[in-house]
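This report goes through one protein model, from a single residue and its surroundings to the chain as a whole. Please keep the sequence and the 3D view open while reading.

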Amino acid sequence: MTETTMPSRTSRRQKNSRTSRSALLFLRDILIIFLVAVLASVLIKTFLVRSFYIPSGSMENTLQINDRILVNQLEPNIMPIERGDVVVFADPGGWLPATIEPEKPPVQAALDWVLETVGLTASDANDHLIKRVIGLPGDHVTCCNALGQMSVNGVPLDEPYIKLPDGQTAASGVAFDVTVPEGSLWVMGDNRYNSKDSRFNQDQPGNGFVPVKNVVGRALWITWPTDRWTFLDNYSDVFAGVESEGSK
């Protein structure tokens, strides 16, 4: 008869100890990976890209209400702003009505904080606007010529991205003739007859111009809903013939 040796209590304890140690190491690694991911997300949000949602129809049909977009924060601090860029900027003052943030349940507030920290939402989105850059510092922007076109530095623009009401052909429902001051931008919504942009804020402290320092970045990509995933073009060909006033 073969004698069977039963495992000792000591060996069982050692095995259980190794199992517990392996579980703790696994949990430690998961925690480290999570913290690294959060740190990377915070750094990306702070220096590279950031998410915003679209609350209004002022940029239709380029952007729809409740679209979510990624914004490149390297522009304008590292990369220069170009005509045609769609940019997110902080309210220069008086463009948006004053709002009061509603109180949120603690769970929702905590979730919003987490999503904002990793850059998936922006708590200050209600204090920002999104428009298309038409005029850079020094540009002479006018509207409209006999064909209803807007001109920059004397060059008429053929704008395929704008939305006009039925029966309208002019690029703007109001005439204007402005020269963009140093350090500022002239911006307009693509939904030209439904956008409170530079044209309609000329009675505000900044005279309708947006300080470049207020720009958060350039909108690059529609991320939500998924059936609208697309890169946001700045239509550089529209402005290809426009020269800066100083280069003439």
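The model shown here is predicted. Leaving out residues up to four places away in sequence, Arg-83 touches Val-133, Ile-134, Leu-136, Asp-139, Val-152, Asn-153, Asn-234, Phe-239, Val-242, Glu-243 and Ser-244. Arg-83 itself is found in the loop between β2 (68-72) and β3 (86-90). Is this arginine buried or exposed? With a relative accessibility of 11%, Arg-83 counts as buried, because the cut-off for that term is under 20%.

One of the residues around Arg-83 is Asp-139. The side chains of Asp-139 and Arg-83 meet in a salt bridge, with 2.8 Å from N to O. Asp-139 is in the loop between β4 (128-135) and β5, and Arg-83 is in the loop between β2 and β3, so the pair links distant parts of the chain, 56 residues apart. Both partners are buried.

The structure holds 7 salt bridges.

| Salt bridge | Distance, N to O |
|---|---|
| Arg-228 and Asp-67 | 2.6 Å |
| Asp-85 and Arg-218 | 3.7 Å |

The side chains of Arg-228 and Asp-67 meet in a salt bridge of 2.6 Å. This pair also links distant parts of the chain: Arg-228 is in the loop between β11 (215-224) and β12 (230-231), Asp-67 is in the loop between β1 (49-53) and β2, and 161 residues separate them. Arg-228 is partly exposed, at 24% relative accessible area, whereas Asp-67 counts as buried at 1%.

In the remaining row, Asp-85 and Arg-218 form a salt bridge of 3.7 Å. Asp-85 is in the loop between β2 and β3, while Arg-218 is in strand β11, and the two are 133 residues apart. Asp-85 is buried, with a relative accessible area of 1%, and Arg-218 counts as buried at 12%.

**Nonpolar cores and a surface patch**

In soluble globular proteins, nonpolar side chains tend to be buried together. Which residues of the largest nonpolar core touch the most other members? Of its 18 residues, these are Ile-134, Val-141, Met-150, Leu-157, Phe-176, Trp-186 and Phe-239. Strands β5 (140-143), β6 (150-152), β8 (176-179) and β9 (184-188) each supply at least two residues of this core. Apart from it lies another core, of 13 residues, among them Phe-52, Met-59, Val-86 and Val-216.

Leu-157 gives an example of the contacts in this region. Setting aside neighbours within four places in sequence, Leu-157 is in contact with Gln-149, Met-150, Val-152, Val-238, Phe-239 and Val-242.

Some nonpolar side chains are at the surface instead. Leu-24, Phe-26, Leu-27, Ile-30 and Ile-33 form a nonpolar patch there, with about 550 Å² of accessible area together. Ile-33 lies in helix α1 (residues 9-47). This residue is exposed, because its relative accessible area of 57% is over the 50% cut-off.

**Backbone features**

Most residues other than glycine have a negative phi, and most peptide bonds are trans. A few places in this model depart from that pattern. A cis peptide bond joins Glu-60 and Asn-61, with omega about 5°, and Asn-61 is in the loop between β1 and β2. Another cis peptide bond joins Trp-224 and Pro-225, with omega about 0°.

Pro-225 is in the loop between β11 and β12 and is partly exposed, at 26% relative accessible area. The C-alpha atoms of Pro-225 and Asp-67 are 6.5 Å apart, although 158 residues separate the two along the chain.

Asn-153 has a positive phi, near 55°. Asn-153 is in the loop between β6 and β7 (155-156), and at 5% relative accessibility it counts as buried. Asn-207 has a positive phi as well, near 60°. Asn-207 lies in the loop between β9 and β10 (210-211) and is partly exposed, at 42%.

**The chain as a whole**

The protein chain has 2 helices and 12 strands. From the N terminus, the order is α-β-β-β-α-β-β-β-β-β-β-β-β-β. Of the 248 residues, 35% are buried. Among contacts between residues at least 6 apart in sequence, 73% join residues at least 24 apart. The accessible surface comes to about 14700 Å², and 59% of it belongs to carbon and sulfur atoms.

Notes: Residues are numbered from 1 along each chain as its sequence is written. This is a predicted model: local features need pLDDT of at least 70, side-chain atom pairs count only at pLDDT 80 or more; totals for chains, interfaces and linings use all residues. Side-chain values use heavy atoms; hydrogens and water are left out. Helices (H or I, at least four residues) and strands (E, at least two) are DSSP runs, numbered from the N terminus. Buried means under 20% relative accessible area, exposed over 50%, partly exposed in between (1.4 Å probe, protein chains only). Contact means heavy atoms within 4.5 Å. Accessible areas come from the Shrake-Rupley method with a 1.4 Å probe; for residues, only the protein chains shown count as cover. A nonpolar core is a set of buried Ala, Val, Leu, Ile, Met, Phe, Trp, Tyr and Cys residues joined through side-chain atoms within 4.5 Å. Patches are made of residues with over 30% relative accessible area and no salt bridge: like charges are joined within 9 Å, nonpolar side chains (Val, Leu, Ile, Met, Phe, Trp, Tyr) within 5 Å. A salt bridge is a side-chain nitrogen of Lys or Arg within 4 Å of a carboxyl oxygen of Asp or Glu.
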